[in-house]
Amino acid sequence: MFEFLKKLIKKTPAKSNKIKKLTSKKSTPMLLASKPKAIASVVAEKKPGLFSFGEKIKVGLTKTREKLGAQLIELFHAKKIDESFYEDLEMILLSSDVGIAATNMLIDNVKFSVKQNKVTDPSKLKSFLKLHLTELLATIEQPLSINQTYPFVIMVVGVNGTGKTTSIGKLTKLLIEDKHKILIAAGDTFRAAASEQLAVWGERNDVQVISQSNGDPSAVIFDAVTSAKAKNIDVVIADTAGRLPTQKHLIDEITKIKRVINKCHNHAPQEILLVIDANTGQNAINQLKIFDAALGITGIIITKLDGTAKGGVLAAIAKELPVPIRFIGVGEGIDDLRIFNAADYVEAMFE
Ligand SMILES: Nc1nc2c(ncn2[C@@H]2O[C@H](COP(=O)(O)OP(=O)(O)OP(=O)(O)O)[C@@H](O)[C@H]2O)c(=O)[nH]1
Ligand SMILES: [Mg+2]
């Protein structure tokens, strides 16, 4: 795990036991172990942007917060806590993309807290709602850990236009800041412009991009992993073409890509990141289910949280198919990728 992440996690308030277990696992990043311990934290100190999760996500979630906030203010001004109060709360959560299962669970938990604390004033409920949402989201707060056999291969997959290539550009920068040597594989051979787009991100980060004109995606990524082994590269990030969960032949193709990577290096790919556009709403769960069944998704990047996304889909994921949210995208720029932090996220949604 990045050293600066450990710092960040320590700062995070009350978590469920589950997440405590997840984040307290003592990992010994092979690469960082051989370097002065301070390096990553020095990098982090020089880059205050990495810590400004709260601010950027707060700006990003302005529209969500304004809408949600207005609804909640009205709700919390209700005279008493009764069934119609909970029905209104249910509607608010559902319209924020939280999904039925997570909404039911949150309402049950809020009801329990109300009873236990003998609360009768509706205005006190906000803190319970925040608490239980944070607990739920904390179960999928598990940062990326680059601590397995090298090269560590990250395969990036998802539906068309969700932000895969852009996220690779941003992630490359974060990993370079954590002192990793990176190689990018242009595994989207479907569109001619795709490798050009990736080449631009390669230049911005001063990182080599392996591509082939008219190449087979599996062959391009195989070449990149082989080259990474020869050059002692730590991390290979492989882009792939966008595909819909309904396009069976393309889902089959991506499982083949995974198999080929595994033939080149039997621990790889160590990470399969699904990139989800936050504006997708409840369809995100469907995307996750199909990509997970085909590939075994190990982590998620939620992009475009700076737009008009309602933001509740993360809670739906936590409840229905809890795959760790590694990062969130809060803009199109190279610094607009944030390590997901449940407490800060909930704070940005509500306050
Ligand atoms: N506002 C905003 N825009 C983003 C974010 N991430 C990506 N984008 C934009 O979304 C658009 C699509 O991004 P790409 O990275 O090309 O998406 P992709 O998934 O690689 O697309 P395909 O390869 O065509 O499937 C671009 O205009 C990006 O700048 C984000 O977090 N916020
Ligand atoms: Mg792309």
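**The end of the sheet**

Guide: Strand β7 and strand β8 (residues 337-339) run antiparallel and are joined by 3 bridges. Two strands pair if DSSP finds at least two bridges between them. Strands (E, at least two residues) and helices (H or I, at least four) are DSSP runs, numbered from the N terminus. This is a predicted model: local features need pLDDT of at least 70, side-chain atom pairs count only at pLDDT 80 or more, and totals for chains, interfaces and linings use all residues. Residues are numbered from 1 along each chain as its sequence is written, while chains are lettered from A and ligands numbered from 1 in the order in which they are written.

Visitor: Which residue stands opposite Arg-338 in β8?

Guide: Ile-328 does. Ile-328 also stands opposite Ile-302.

Visitor: So what joins β6 to β7?

Guide: Strand β6 (residues 299-303) runs parallel to β7, with 3 bridges between them. The chain gets from β6 to β7 through helix α15 (residues 313-320), in a right-handed β-α-β crossover. Right-handed means this: with the strands pointing away from the viewer, the path from the first strand over the helix to the second runs clockwise.

Visitor: Is β7 covered or exposed?

Guide: Mostly covered: 5 of its 5 residues are buried. A residue is buried if 20 or more other C-beta atoms, placed from the backbone, lie within 10 Å of its own; 12 or fewer makes it exposed, and in between it is partly exposed.

Visitor: In what order do the strands of the sheet come?

Guide: The order is β3-β2-β4-β1-β5-β6-β7-β8, an open sheet of 8 strands with mixed pairing. The edge strands, β3 and β8, each pair on one side only.

Visitor: How many bridges pair β1 and β5?

Guide: There are 5, in the parallel sense, and β5 covers residues 271-277. One bridge puts Met-155 with Ile-272 in β5.

Visitor: New topic. What surrounds ligand 1?

Guide: 21 residues do, and the closest are Gly-163, Thr-165, Thr-166, Gly-242 and Gly-329. A residue is near the ligand if its C-beta atom, placed from the backbone, lies within 6 Å of it. Helix α10 (residues 164-177) gives the largest share of the shell, 3 residues.

Visitor: How many of the shell are charged?

Guide: 6 are charged, 12 are polar and 3 are nonpolar. Here Asp, Glu, Lys and Arg count as charged; Ala, Val, Leu, Ile, Met, Phe, Trp, Tyr, Cys and Pro as nonpolar; the others, Gly among them, as polar.

Visitor: On to helices. How far does α12 reach?

Guide: Helix α12 (residues 217-230) reaches 20 Å from its first C-alpha to its last, close to the 20 Å expected for its 14 residues. The expected span is 1.5 Å times one less than the number of residues.

Visitor: What do its buried residues pack against?

Guide: The buried residues of α12 pack against β1 (152-158), β2 (182-187), β3 (209-210), β4 (235-240) and α13 (248-264). Among the buried residues are Val-220, Ile-221 and Phe-222. Asn-232 follows α12, with a positive phi near 55°.

Visitor: Last one. Why is Val-114 counted as partly exposed?

Guide: Because Val-114 has 19 C-beta neighbours inside 10 Å. Val-114 sits in helix α8 (residues 100-116). Not counting residues up to four places away in sequence, Val-114 touches Ile-81, Val-119, Leu-125 and Phe-128. Touching, or contact, means C-beta atoms, placed from the backbone, within 7 Å.

How values were computed: Two residues are in contact if their C-beta atoms, placed from the backbone, lie within 7 Å.
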